[in-house]
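Here is a short tour for a reader new to this structure. Keep the sequence and the 3D view open while reading.

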Amino acid sequence: MNKSLRVRLAALLCLSALAPLAAHAAISAGEKLYQAHCAACHGVKLEGTTGPSLIDQVWLHGAPTKANLITVISKGVADKGMPPWSPTLNATQIAQLADYVALSARTGGKTAAAAAPAATAAPAAPAAPSDKTAAILSGLKLPKGFRIAVYADKVETARSMAVSGSGVVYVGSRKAGKVYALVDENKDGVAEKVITIAEGLQNPIGVTLLNGALYVAEISRIIRFDNIDATYAAKPAYKVVKDDLPKETWHGEKFIKAGPDGKIYVPIGAPCNTCNKEDQPYSKLWRMNADGSNFEEYARGIRNTVGFAWHPVTKEMWFTDNGPDMMGDNSPSCELNVAPKAGLHFGFPYCHGGVLPDPEFGKLQSCEQFVAPVAKLGPHVAPLGLGFYTGTQFPAQYRNNLFIAEHGSWNRENKIGYKVSLVTLYNSKVVSITTFIDGFLRDGDEVVGRPVDIAVLADGSMLVSDDHGGRVYRVTYAGK
């Protein structure tokens with residue numbers, strides 16, 4: 001064999017060995033892009049959340065070929081709320097993203113094994129969970145004197161929380177379809193037990209307690225577990241309280257809470273980005289008796305609220321509302337509203353953020369006709385759960401002030417939100433909004449957590465749920 005032929009053969013062997021490595025690198029790049037831009041709607045594991053699953057073999061917009069995926073990703077699906085990504089990602093990035101999604105569709109999400117080169121050594125074992133958690137905690141920033149720790153992990157897609165008189169923390173989930181009980185038996189500030197109360201439910205994000213019973217809101221019904229503190233460990237049976245709520249899944253997940261009047265409050269979000277459903281049950285906040293009777297409208301003009309609470313002194317309802325997408329990175333602002341009485345209209349779909357007329361429906365009604373928000377929280381920050389601080393562990397200036405969990409934007413070029421904000425009040429009026437917990441978003445793009453809800457324990461510490469990491473954090477004060 002002459003020298004020239006040996007060189008050519010060696011080059012071919014090198015290229016054949018490098019080809020799988022190059023493909024693996026492309027998939028890795030696509031996976032990073034997916035987690036940064038797509039996971040919020042389609043799920044961290046491509047299982048689907050507000051957007052459809054990408055691994056269930058049911059495709060709504062053509063076959064999962066690379067060419068078709070490039071088209072869908074580039075142009076978006078306007079009628080489903082998916083934005084075009086061509087203004088944000090370049091052609092190479094879109095191709096890498098299409099490669100990753102196409103391979104995931106073929107392998108049921110097992111992309112790491114499918115893309116790994118056969119000749120490479122086994123991958124290194126992942127970092128121990130405690131190391132990963134420590135890294136997350138070390139990057140979270142709070143005011144001086146405050147500390148944050150994990151109260152419970154393995155709480156998959158943890159959403160809203162309710163704390164019973166005995167200290168059991170009940171947590172709803174999103175795609176997990178479960179309701180959990182977090183139990184800190186030795187009162188050391190860590191829940192040793194995460195018990196699944198119920199499973200197989202449809203997005204049971206909302207939980208609340210009333211008369212010793214746990215109420216859980218699914219997409220189209222509300223169920224009740226009686227005497228829950230005595231039965232949570234035994235997979236208790238439930239009773240159906242109401243089963244005729246709308247079945248739409250777009251903004252169909254329902255936060256739920258018992259009010260100071262002994263009624264259960266439940267929202268029905270708009271089944272769209274923006275649409276006029278004034279003559280239907282959507283875009284409204286409803287309330288009912290504990291047994292499901294007397295279902296009545298409380299407020300309207302609310303696009304999608306996923307959190308409300310009552311002021312400890314005035315008993316007025318405060319709630320968050322998420323503004324529409326597809327109107328630019330910097331508008332409209334998400335809202336913090338107050339509903340001191342029934343019968344108020346907060347503007348949707350005619351007006352957004354209190355000042356911005358809707359491009360389509362704003363011609364029908366002016367913003368001046370509606371109740372304006374008491375605070376603008378920022379464009380697309382996705383404010384969800386909120387809670388008034390009623391404990392005594394934190395310094396006195398925090399008492400009766402409001403904490404808001406900002407889930408974070410999903411379609412802005414530069415992400416914002418991903419934090420817990422503090423709304424300081426004076427005589428029930430908003431004085432300032434400042435960041436209380438920061439660091440769930442790192443280096444501008446890496447998401448390590450997405451706050452969802454706020455709850456206060458009997459000892460005055462505060463809980464924050466995180467559906468991205470499947471954790472509940474506990475905030476304490478140790479300063480002077």
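Predicted model: local features only at pLDDT ≥ 70, side-chain atom pairs only at ≥ 80, totals over all residues.

D325 lies in the loop between β15 (317-321) and β16 (333-339). What does its side chain meet in a polar contact? The partner is the side chain of W410, at 3.5 Å. Leaving aside neighbours within four places in sequence, D325 is in contact with N273, R303, H380, W410 and N411.

## Salt bridges

The whole structure holds 15 salt bridges. Three of them are set out here.

| Pair | N to O distance |
|---|---|
| D99 and K66 | 3.4 Å |
| E218 and R221 | 2.4 Å |
| K239 and D226 | 3.2 Å |

D99 and K66 join distant parts of the chain. D99 sits in helix α4 and K66 in helix α3, 33 residues apart. D99 is partly exposed, at 23% relative accessibility. K66 is partly exposed too, with a relative accessible area of 37%.

In the second pair, E218 is buried, at 4% relative accessibility. R221 counts as partly exposed, with a relative accessible area of 21%.

Salt bridges with shared partners join R224, D226 and K239 into one network.

## Helix α3 and its neighbour

Helix α3 covers residues 66-75, and its buried residues are L69, V72, I73 and S74. These buried residues pack against α4 (91-107). G76 follows α3 and has a positive phi, near 75°.

## An open sheet

Five strands form an open sheet with mixed pairing, in the order β10-β11-β12-β13-β17. β10 (257-258) and β17 (344-345) stand at the edges with a single partner strand each, so one side of each has no neighbour in the sheet. β13 (residues 296-300) pairs with β17 in the parallel sense, over two bridges. There, R300 stands opposite H345 in β17.

## The largest nonpolar core

The largest nonpolar core has 25 residues. Those with the most contacts inside it include F394, Y398, F403 and F436. Elements giving two or more residues to this core include β22 (402-406), β23 (419-426) and β24 (429-437). F403 touches residues beyond four places away in sequence, among them Y389, F394, Y398, V420, F436 and M462.

Terms used
Residues numbered from 1 in each chain as written. Heavy atoms only, no water. Helix = DSSP H or I, 4+ residues; strand = E, 2+ residues; numbered from the N terminus. Polar contact = N/O pair within 3.5 Å; in protein donor to acceptor, adjacent residues only side chain to side chain. Contact = heavy atoms within 4.5 Å. Pairing = 2+ DSSP bridges. Buried < 20%, exposed > 50% of the residue type's maximum accessible area, 1.4 Å probe, protein only. Core = buried A, V, L, I, M, F, W, Y, C linked by side-chain atoms within 4.5 Å. Salt bridge = Lys/Arg side-chain N within 4 Å of Asp/Glu carboxyl O.
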